[in-house]
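Q: I would like to learn how to read strand pairing, packing and a chain interface in a model. Can we work through a case?

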Protein chains: 2
Amino acid sequence: MSKVILSIAVTLDGFIARENGSVDFLDPFNEDEENNKWLGKFLENLSAIVMGNTTFQEYHKYPGFFDYYKGKDIYVFSRNPNLKNDKVMFVNETPVEFLKNLKTEKDVWLLGGGKINTSFLESNLIDEYIIGVIPVIIGRGIPLFAKSNYETQLKFAKSEEFKSGIVNLYYTKE
Amino acid sequence: MSKVILSIAVTLDGFIARENGSVDFLDPFNEDEENNKWLGKFLENLSAIVMGNTTFQEYHKYPGFFDYYKGKDIYVFSRNPNLKNDKVMFVNETPVEFLKNLKTEKDVWLLGGGKINTSFLESNLIDEYIIGVIPVIIGRGIPLFAKSNYETQLKFAKSEEFKSGIVNLYYTKE
C-alpha cells in the first residue's frame with residue numbers, strides 16, 4: 001500500500017519558509033551533492049507529489065521545477081476553482097476524499113506548506129515524516145504546521161547526517 | 001573560558017512549552033534513564049543556570065527542583081524588581097552586562113524560555129546549542145525563540161539518539 005510521506009526542510013527555529021514564502025535560506029544547501037543524491041533516490045519511490053497552492057506558486061518559478069518531477073503526478077490543493085496549469089492537477093477536496101480516490105503504485109510525497117501539512121496531520125493521514133533540520137535560524141517565517149489543537153506522539157525511526165549540516169529525522173505514525 | 005550553552009527540549013513542531021508554560025509532554029521522557037544520565041553529565045560541566053522568570057515559575061514547582069541543581073548558581077532574568085526567592089539570584093540586566101560581570105569556572109546553561117533565548121541569540125552570546133527533538137507534535141505553544149529579525153547560520157557538530165526517541169542535535173556558533 002502506498003504511504004503518505006511528509007518530507008520537508010525545516011530551520012532549527014521551526015520554519016519551512018519565510019513569511020513571504022521564500023526558501024532562499026535553502027540555496028546554500030541546493031549544491032549539496034549528498035542531499036541531491038538522497039532526493040533522487042527518494043523520488044524513485046514516489047508516484048505523486050502533493051502541495052498547497054502557495055508552495056506551488058513559490059516553487060514552480062524555479063527553473064527546471066517540472067523537469068525535476070517529470071513522471072510524477074503533481075496535485076496542488078486550493079479552494080480557488082479558477083487556477084489553471086496543464087502540468088499539474090488542482091484539487092478542491094479534503095485530504096481524506098483525495099486519498100480515497102487516488103490510485104497510486106508508489107508513495108505520495110506531501111511537500112508542504114504549513115496549511116496542507118496540518119490538514120493531512122489532523123486527519124491522521126501522514127504515515128511517515130522525514131524532517132530535514134537545516135542549521136540556520138531565520139527568526140520568523142511559516143511554521144511546519146499551522147496552529148492546531150491536534151496532538152500526536154510519533155515513533156522515531158532513524159536519523160541521517162549530511163556533511164552540509166542537514167540532519168534528516170525519520171518518524172512514523174505511532 | 002566558560003561557554004553559554006542553550007540546551008533545551010523542543011517538540012517536532014518547534015515548541016519548548018505549551019502556551020500556558022506547561023511542559024507536561026516531557027513527562028513520558030523524564031523516566032528515560034539514558035537521558036537522565038546524559039543530563040547528570042551535562043550538569044557536571046556547569047557553574048551556572050540561566051532562565052527567564054516564566055520558566056522559573058513553571059519549573060521550580062517540580063519537587064526536587066532545587067536539589068537537582070544543587071551547587072549551581074541559578075540566575076533568573078526578570079524586569080520585576082520585587083521578586084524574592086533566596087535560592088536564586090534575580091537579574092535585571094541585559095545578557096551582555098550579565099555575562100561581563102559573571103565569574104564562572106565552568107559553563108553556563110541557558111535553559112529558556114523563548115524570550116531569554118532570543119535576547120542571548122540576538123546579542124550573539126550563545127556558543128553552543130543542544131536541541132533535544134522530542135517525538136511529539138503539540139499543535140501550539142511557545143516557540144524555541146521569540147519572533148525576531150535576527151538570522152544566523154550554525155555549524156552542525158553531531159547528533160545523539162536516545163532509545164526513547166529523543167534526538168539531541170549539537171551546533172556551535174559559526
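Q: In S7(B), which residue is the bridge partner of B:Ile8?
A: Strands are DSSP runs of E, at least two residues long, and helices are runs of H or I of at least four, numbered from the N terminus. Two strands pair if DSSP finds at least two bridges between them. In this predicted model, B:Ile8 has B:Ile131 of S7(B) as its bridge partner. S1(B) and S7 (residues 128–134) of chain B run parallel and are joined by 7 bridges.

Q: What should I know about numbering and cut-offs?
A: Residues are numbered from 1 along each chain as its sequence is written, and chains are lettered from A and ligands numbered from 1 in the order in which they are written. Local features need pLDDT of at least 70 and side-chain atom pairs pLDDT 80 or more, while totals for chains, interfaces and linings use all residues; side-chain values use heavy atoms, without hydrogens and water.

Q: How many residues of strand S1 of chain B are buried?
A: Buried means under 20% relative accessible area, exposed over 50%, and partly exposed in between (1.4 Å probe, protein chains only). In S1 (residues 4–11) of chain B, 7 of the 8 residues are buried, so the strand is largely enclosed by the rest of the structure.

Q: What is the strand order in the open sheet of 9 strands?
A: The order is S5(A)-S4(A)-S3(A)-S6(A)-S1(A)-S7(A)-S11(A)-S10(A)-S8(B), with mixed pairing. S5 (89–91) of chain A and S8 (136–137) of chain B are at the edges with a single partner strand each, so one side of each has no neighbour in the sheet. Within the sheet, S10 (residues 152–161) and S11 (residues 167–173) of chain A pair in the antiparallel sense over 7 bridges, and A:Glu160 stands opposite A:Asn168 in S11(A).

Q: How many residues of chain B are in contact with chain A?
A: Contact means heavy atoms within 4.5 Å. By that criterion, 34 residues of chain B are in contact with 34 residues of chain A. Buried area is the accessible area (1.4 Å probe) that two parts lose on being put together, summed over both. Here the value is about 3000 Å², with 59% from carbon and sulfur atoms.

Q: Which side chains meet in a salt bridge?
A: A salt bridge is a side-chain nitrogen of Lys or Arg within 4 Å of a carboxyl oxygen of Asp or Glu. There are 4 salt bridges between chain B and chain A, and B:Arg18 with A:Glu151 (2.7 Å, N to O) forms a salt bridge.
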